Amino acid sequence: MAPHATSNTVSTSIVEPTAPKMKTALEALSQGGPPLTGIPSFPSHASQRAHQLEHMAAAFRVFARKGYTEGMAGHISLRDPENPHTFWTNPLGRPWCLMRASDMALVDYDGKIIGGNMSRPVNAAGFLIHSAVHKARPDVNAVCHAHSPCGKAWSTFARPLEMINQDACVFYGEAQSVYKQFGGVVFDEAEGQRLAESLGAKGKGMVLTNHGLLTVGQTVDEAAYLFTSMERSCQVQLLAEAAASNGLQKQVVGQEEAEYTFKMTSDADGLYREFQPDFEVEDYLCNGEFRK
């Protein structure tokens, strides 16, 4: 259920939400022309892999542009489409703003680099977190984790985001969780497993107390967009908390409206599409450098 955490918070439900019948979220959103398309299909594993690695590299550059980098902390992983017991991730120490598809390393569940870029190690803590999530959630193909400023700030409260605006509703109910135990840098396999368990079977985003944020998706585009949205939602929540501390009353989205908004904004095709504007900007700014 949506969190209702503070005494100066009220919830209202005034109108019954409705949506066009028999339409997908993208079809409902598209007016006056052919609807936007969602996740593309591919003729081969090789073409799918190439597409996904390019989008993964672009996601790193987007995160860098938005200021989510913090030294060598943070990582993105992508399950290989042909060998699902392996996943691609970023090499340790490679600047995110310079990331390319060819920089990614392919690792197996034993932590061995078995393909791709074998010139550098991968992040050990990142491997434990991402391998645990991929094992626990076969539906998850991509995982994003970073120590972004507002995510770190909000994580100090060990609380879920409240449904205080439309965008936050993509994390409604079981789509959001909080991992309340901070055990330092994750060098313990059991810690990674506890993180995965805390995410749950339906989780899309998780607040890691005293640590940062983690998001997942069927595509790296979905996971990346959800991360940018969760980071911004943390920023908005912090601003709302500051105003509420001066006596202003927060009004959260009603349960029915939150459920409806979640339904209309949380499908994999729609979330894939949400990332494409950032992808196109990055492609333009670097003249496709991340595709190499």
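## Second largest cavity

The second largest cavity holds about 30 Å³ of space. This is a predicted model, where local features need pLDDT of at least 70, side-chain atom pairs count only at pLDDT 80 or more, and totals for chains, interfaces and linings use all residues. Residues are numbered from 1 along each chain as its sequence is written, and side-chain values use heavy atoms, without hydrogens and water. A cavity is a set of points, on a 1 Å grid over the protein atoms alone, where a 1.4 Å probe fits but cannot get out.

His75, Phe87, Thr89, Val122, Asn123, Gly126, Phe127 and His130 line the second largest cavity (lining residues have an atom within 4 Å of a point). Helix α3 gives the most, with 3 residues. The lining has 3 nonpolar, 5 polar and no charged residues.

## Largest pocket

The largest pocket has a volume of about 550 Å³. A pocket is an open set with protein on both sides within 12 Å along at least five of seven lines. Its lining counts 25 residues, with Gln166, Thr261, Met264, Thr265 and Glu274 nearest the centre. Helix α7 supplies the largest share, 5 residues. By type, the lining splits into 14 nonpolar, 6 polar and 5 charged.

## Ser155

Ser155 sits in helix α4, residues 149–155 (helices are DSSP runs, H or I, of at least four residues). Ser155 is buried, at 0% relative accessible area (buried means under 20%, with a 1.4 Å probe and protein chains only). A polar atom of the Ser155 side chain lies 3.2 Å from the backbone nitrogen of Asn210.

Definitions and conventions. Grid points are joined across faces, edges and corners, and a volume is the space filled by probe spheres set on the points. Helices (H or I, at least four residues) and strands (E, at least two) are DSSP runs, numbered from the N terminus. Ala, Val, Leu, Ile, Met, Phe, Trp, Tyr, Cys and Pro count as nonpolar, Asp, Glu, Lys and Arg as charged, and the others, Gly among them, as polar. Buried means under 20% relative accessible area, exposed over 50%, partly exposed in between (1.4 Å probe, protein chains only). A polar contact is a pair of N or O atoms within 3.5 Å; within protein, one must be able to donate a hydrogen and the other to accept it, and residues adjacent in sequence count only if both atoms are side-chain atoms.
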